[in-house]
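Hi,

Here is the structure I promised to pass on to you. Please have a look at it first, and then read on for what was found in it.

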Amino acid sequence: MPFLEESYDVVVVGAGHAGCEAALACARLGLETIIFTVSMDSVALMPCNPNVGGSSKGHLVRELDALGGEMGKNIDKTYLQSKMLNRSKGPAVHSLRAQADKAEYSRKMRMVLEDTEHLTLRQAEVCEILAEDVDGSKKVTGVKITSGATFYAKAVILCTGTYLKARCIYGDVSTPTGPNGLMAATKLTDSLISLGIEVRRFKTGTPARIDKRSIDFSVMEEQKGDEEIVPFSFTNKAEDIEREQISCWLTYTNEETHKIIKDNIDRSPLFSGAIEGTGPRYCPSIEDKVVKFPDKERHQVFIEPEGEYTNEMYIGGMSSSLPEDVQYAMYRSVKGLENAKIVRNAYAIEYDCINALQLKPSLEFKKVSGLFSGGQFNGSSGYEEAAAQGLMAGINAARKIQGKEAIVLDRSQGYIGVLIDDLVTKETFEPYRMMTSRAEYRLLLRQDNADIRLSKIGYEVGLIDQERYEKVVRKEEIINQEIERLENTKVGANAKVQAFLESVGSATLKTASTLADLARRPELSYEIIQDIDEEREEFEKEIIEQIDIHLKYNGYIERQKSQVNKFKVMESRAIPEDIDYNEVNSLRKEARQKLESIRPINIGQASRISGVSPADISMLLVYLEAHK
Amino acid sequence: MFLNDTIASIATAMTNSGIGIIRVSGPESISIVDKIFVAKNRNKKLADRNTYTAHYGFIYDGEEMVDECVVLLMKAPNSYTKEDVVEIDCHGGVMVMKKVLELVIRNGARPAEPGEFTKRAFLNGRIDLSQAESVMDIIHSKNEFALKSSLKQLRGSLKEEITGLRKNILHEIAFIESALDDPEHISLDGYADNLKVVVTEELKRIEKMLESTDNGRILKEGIKTAIIGKPNAGKSTLLNSILGEERAIVTEIAGTTRDTLEEAVSIHGIPLNIIDTAGIRSTEDVVEKIGVNKAKEMAKDADLVLYVIDASKELDEDDKNIMELLKEKKVIALMNKMDLDTVISKEDIRVFSDMAVVEISAKHNDGMQELYDLLKDMFFDGNFSFNDEIYITNMRHKTALLNAKDNLLQVLTSIENEMPEDFYSIDLMAAYEELGYIIGESLGEDLVNEIFSSFCMGK
């Protein structure tokens, strides 16, 4: 007998990285929110790698923080080691990565959830999405859990991660569980299908965890964190979160490892066909790597701590779905792992997810009003990608209820914009991972300026308070004023300046030069020239960094800015939601079908759909103008 | 594709009919023309001038004067497109028009797509609703044509060359990007030196292609010219004579028929694509018939026919047949072998046809100048339907090559200045995209695919 338990504004299904951000955003915006998890022990669980950030993923977390998300703050509380990757490269690809204490990360996030007003945590499996027909289209009304209890809601956000009909596989062992042996959610898929949502199957995998005491670290290379760390959250200063960092370790596979794998390749469920889901090419299992790159004599293996108070070590680079006995042999062939004791096996996991082309850029389903989704369920991979979508889905669900326009970040505003635009515009055939090369304006979308780029939006949405926002505004003003001063301050070819230039190995001046031009010289920088800059004030490290980047890469930055201006014009041409593509003359058939199914919100998005040509866009523009 | 950049094209037909107009439209049109236009006796810039004014002066390419011209200024919104529009009326004929357009493009405009001015006029509310449908038809058909012709016109060898270039560039981008995405697995130490070698090599190849575009030969854009005649009339000798005259011969292109060869030459700046049927001579009994059939086939396609007649022999049935089927074509009849004892005269030919006749000896290069002068007159009288769509395509290709070249030069500069590697990648990507325009391919998922297939990423 079904009974009504309660009514909420928002129901969030799943309490992983997407679900937590979604629920926090809604609750913080004042909406009564309930978040369901199949297990209270799996809140903000990190079932795979023990770190947050990394190339381009670090960007996502910084942006999420600037918008008022939680991931950055939480990893700052629970990191074991912090590194800025690509420091020797350009500022656009500097990327933060921190090793996380998994248990702590999960515990601290759960505390935040529990301490948030308007937010209820509930352990239960959601098995049905309730919807009603309104004027021929569907509108979500709530969810039903296994007990039969019904929870009414104005919006539902699906963040089911890898739990839907999950199956874990290694060798010929296959268990119907979610990650880490947690209960899978078996019923929801059918409910989604009956709502007209198309479901697909993806797979991913994770390596074994090995007991620290069985590892010989003395033969491995130590990988330490940075001495000077950068916090993920713009609200933290480095000195507030400094700690003694814990090292990772580097070792390598060898020919014996590869031989073991090759000899047993027929026992892999990937090669026997037992796994049907599509796996990601960017994090291949070790058997994939050995088969695909037979010429490589060795592959790197990173041994990373799972937490401060556990002996479990993550064996990065060696995910696998080979049988347990082969796993043992394979891991033990690696230098330093000769006596390895496995705590948890490596396994592959298959799960149901959706093709995100069914979503609007607001992450709401086109077919079901009020139903949103985020995270791995949308066909992405990675904690950071999940969290970013969760935040946006949460913000947009809340805004929909409040009768406000959706917030859609475009590709020039952030990696989050690129991520979501890619997901809802371009079909992906494998779990989608963020990469810096996907961001066409990456020189503008740096991790160091995420606050300047996005705090305004976070503030307007209501997730960033006024004080924090005003600080960012001031920071930006200072940077602009200082750059202007440098561009307009000339130094003459006087003895002091020449002596200084000689002392730093830079060519002496023939005529006067601006300070900005001097700072731009490859061998100089804003910091170096302070000796000849008489009016120089003292600024914070973050501000100095911004000024230096602006001066040094000005040409490139300006070029990208002018590209963005052109891009914005395309993005600003909205396409009405109710457009009938059959009425647009002369569209090619393929273009018509694609436009009909994806239903882009503006001309820019339409132009990025594969199979839609510039000529088709012209047709569309003319049609829109004619039917204004 | 962008909506609000500055576009340019030749607005008049591509013939030497008096004045040719280069039209420039968009927010930067005035500043672009200001860079190349110098008004006579005045120093004032166009930017400081009023709308609806005409200015007499000169177009300069750096120090070199290209043409005298009149520039018409129409400021937004009072123009056809409702954008700032500048029209350059030049006088110097097709080659000068091309040159001026190139200058405009080099200074920041983009070659307009077919129908793009009209499209803008409509989108900016300049022309009304009733015209919308026809605008769409124009754009559609022109685009279809441009797409087809650009790919068809692209020589096989050129496509291969571009594809090869792009493949190399993509590989380098993928390497840099995989190292950026996975710095702990893939190192870029010492990479700049390798890249320098690759980029220098690529630049040489682009340079070579650019040389050929300067001679108007990136596309088979010339006037399709068929040499027709009976065996031993001297067709090949004529071809050799023309080719000998014009040294800039392009590589041979295999035509659709096995033994048809096509040569692109430029005679006094007039681009010709000459088709010769090499095989006719070698066949035996059915020679005459084949010759006529071949002539028929070739004449159908050609813009211009050079009909070679052996003046030392009497005209026969075949000649009459040939002349009959050339009735509707632009033809120059060439009475060849005038150095031998001739048995026919111009009048004999005029009995059958009113085609222009030139007496030559291909063997001794006699009368060739007369032929070329006639050719020039016909061209400048607008006798040939010179295909401006194809010209625009060619222009676009050249622009793409020039841009790709600039991008690669920038990579070398970045290496020189010891910029971080991700900057190389930005310019390499730009070059890759530019070259892609030529063969109609975009970056899309190419990069991601290349990264995953060529480099082992960890996790």
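A word on confidence to begin with: this is a predicted model, and chain B has an average pLDDT of 78, with 73% of the residues scoring at least 70. (pLDDT is the predictor's confidence in each residue, on a scale from 0 to 100.) Within chain B, helix α1 (residues 29–36) has the highest confidence, a mean of 94, while strand β9 (residues 253–254) has the lowest, at 34. Helices (H or I, at least four residues) and strands (E, at least two) are DSSP runs, numbered from the N terminus.

Please take care with two stretches of chain B. Residues 215–220 of chain B have a pLDDT below 50, and the model gives this stretch 24 contacts beyond near neighbours in sequence. Residues 245–259 of chain B stay under 50 as well, with 25 contacts beyond four places in sequence. Here two residues are in contact if their C-beta atoms, placed from the backbone, lie within 7 Å. For the complex, the predictor gives an ipTM of 0.88 and a pTM of 0.82.

Some housekeeping: residues are numbered from 1 along each chain as its sequence is written, while chains are lettered from A and ligands numbered from 1 in the order in which they are written. As the model is predicted, local features need pLDDT of at least 70 and side-chain atom pairs count only at pLDDT 80 or more, but totals for chains, interfaces and linings use all residues.

Now to chain A. Five of its strands form an open, parallel sheet, in the order β7-β3-β2-β11-β22. Strands pair if DSSP finds at least two bridges between them. At the edges are β7 (119–123) and β22 (371–373) of chain A, each pairing on one side only. From one strand to the next, the twist averages 20°. Strand β11 (residues 155–158) of chain A pairs with β22(A) over three parallel bridges, and Leu158(A) sits opposite Ser373(A) in β22(A).

Helix α11 (residues 383–401) of chain A lies across β2 (10–13), β11 and β22 of chain A, at about 170° to β11(A). (Axes are lines fitted to C-alpha atoms, for helices over the stretch in contact, and angles run from 0 to 180 degrees between N-to-C directions.) Of the 19 residues of α11(A), 17 are buried, so this helix is largely enclosed by the rest of the structure. A residue is buried if 20 or more other C-beta atoms, placed from the backbone, lie within 10 Å of its own.

β5(A) pairs with strand β6 (residues 95–100) of chain A over six antiparallel bridges, where Leu85(A) has Ser95(A) as its bridge partner.

Chain B has 14 helices and 14 strands, and 43% of its 459 residues are buried.

Finally, where the chains meet, 37 residues of chain B and 41 residues of chain A take part in the contact. On the chain B side, α4(B) gives the largest share, seven residues.

Happy reading!

Terms used
Buried ≥ 20, exposed ≤ 12 C-beta atoms within 10 Å, placed from the backbone.
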